Amino acid sequence: MKVWSMVFAVVIGAVGLGVRSSADAKLATADTLRHLEGEFMKAAAEKVSEGYMSYYAEDAVEVPNGEDAIQGKANIAKTMGFLDDKKNQLVWTPVGADIPASGDMGYTWGAFEFRSKDKDGNPVVEHCNYTSIWKKQKDGSWKVVLDMGNARPVKKGN
C-alpha cells in the first residue's frame, strides 16, 4: 500500500511539473511584446485613432514630450484625433523589449516617426524615441498602461 502511495505521489508530482512547464512555455516573452507592437501599429494604420486606442488600458497614462501627463484612456483618446487626419502618419519601430520572470508586465522602447504638413503644406518629419509599459490584463490580453515619447534633437552638420 505504501508503495502505491509513493508511486501515486510521484506520478501526481510529475504531472504537476509537466503542467507547470507547459504553462511556463506560454508565458509572454520580449518577442510577444514585439509582436504586439506590430499589431498595434497595424491597427493604428488601418483604424487610425480608434485602432491606436484599442491597445490602451482603461487606466493608462500618456506622458507627451514636454507636457503634463494625461491619465485615463478616455482622456488620452481626446488628444489622438490628429491620427485621423490623412496627412498625418505615425510609424514606430521597437528596438528593445523585456518581460521579467513574473510575466505580467513588460516594456518596449524604440523610435517613432511622425509625418505631417505645416500650415503652408510643407512636409514635416519628427523623429522621436518612445517607451511603452505593457501589462497583462485580467482577460489575458496585453494593454499599454504607460506610454511616453520624447523628441530627438535635430543634428546639424557632422
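**Note on the predicted model: sheet, helix packing and salt bridges**

1. Asn88 is found in the loop between H3 and S3, where helices (H or I, at least four residues) and strands (E, at least two) are DSSP runs numbered from the N terminus. With a relative accessible area of 18%, Asn88 is buried; here buried means under 20% relative accessible area, exposed over 50%, and partly exposed in between, with a 1.4 Å probe and protein chains only. Leaving aside its neighbours within four places in sequence, Asn88 is in contact with Phe82, Phe114, Arg115, Ser116 and Lys117, a contact being heavy atoms within 4.5 Å.

2. On the basis of the note: this is a predicted model, in which local features need pLDDT of at least 70 and side-chain atom pairs count only at pLDDT 80 or more, while totals for chains, interfaces and linings use all residues. Residues are numbered from 1 along each chain as its sequence is written, and side-chain values use heavy atoms, with hydrogens and water left out.

3. On confidence, the protein chain has a mean pLDDT of 84, and 80% of its residues reach 70 or more; pLDDT is the predictor's confidence in each residue, from 0 to 100. Over residues 1-25, however, pLDDT stays under 50, and for this stretch the model has zero contacts beyond four places in sequence.

4. The protein chain has three helices and six strands, and along the sequence these follow the pattern α-α-β-β-α-β-β-β-β. Of its 158 residues, 30% count as buried. Among contacts between residues at least 6 apart in sequence, 47% join residues at least 24 apart. The accessible surface comes to about 10700 Å², of which 58% belongs to carbon and sulfur atoms; accessible areas come from the Shrake-Rupley method with a 1.4 Å probe, and for residues only the protein chains shown count as cover.

5. The six strands form an open sheet of mixed pairing, in the order S2-S1-S6-S5-S4-S3, two strands being paired if DSSP finds at least two bridges between them. Its edge strands are S2 (70-71) and S3 (89-98), each of which pairs on one side only. Helix H2 (residues 30-53) packs on the sheet and touches S1, S3, strand S4 (105-117), strand S5 (123-136) and S6, with its direction making about 160 degrees with that of S3; for such values, axes are lines fitted to C-alpha atoms, for helices over the stretch in contact, and angles run from 0 to 180 degrees between N-to-C directions.

6. Strand S1 has two partners that deserve a separate look. With strand S6 (residues 142-151), strand S1 (residues 56-63) runs parallel and is joined by four bridges; among the S6 partners, Val144 is that of Tyr56, and Met148 is that of Val63. With S2, by contrast, S1 runs antiparallel, joined by two bridges, and here Glu62 stands opposite Ile70. The hairpin of S1 and S2 has six residues between the strands, and in it Gly66 takes a positive phi near 70 degrees.

7. The structure holds three salt bridges, each defined as a side-chain nitrogen of Lys or Arg within 4 Å of a carboxyl oxygen of Asp or Glu. In one of them the side chains of Asp31 and Arg34 meet at 2.8 Å, N to O. Being three residues apart in helix H2, Asp31 and Arg34 are separated by about one helical turn. Asp31 counts as exposed, at 53% relative accessibility, whereas Arg34 is partly exposed, at 31%.

8. Lys73 forms a salt bridge with Glu58, the closest N and O atoms being 3.7 Å apart. This pair links distant parts of the chain, with Lys73 in helix H3 (residues 73-77) and Glu58 in strand S1, 15 residues apart. Lys73 counts as buried, at 18% relative accessibility, while Glu58 is exposed, with a relative accessible area of 61%.

9. The side chains of Glu113 and Arg115 also meet in a salt bridge, at 2.7 Å from N to O. Glu113 counts as buried, at 18% relative accessibility, and Arg115 is partly exposed, at 36%. Returning to the opening point, Arg115 is among the residues in contact with Asn88.
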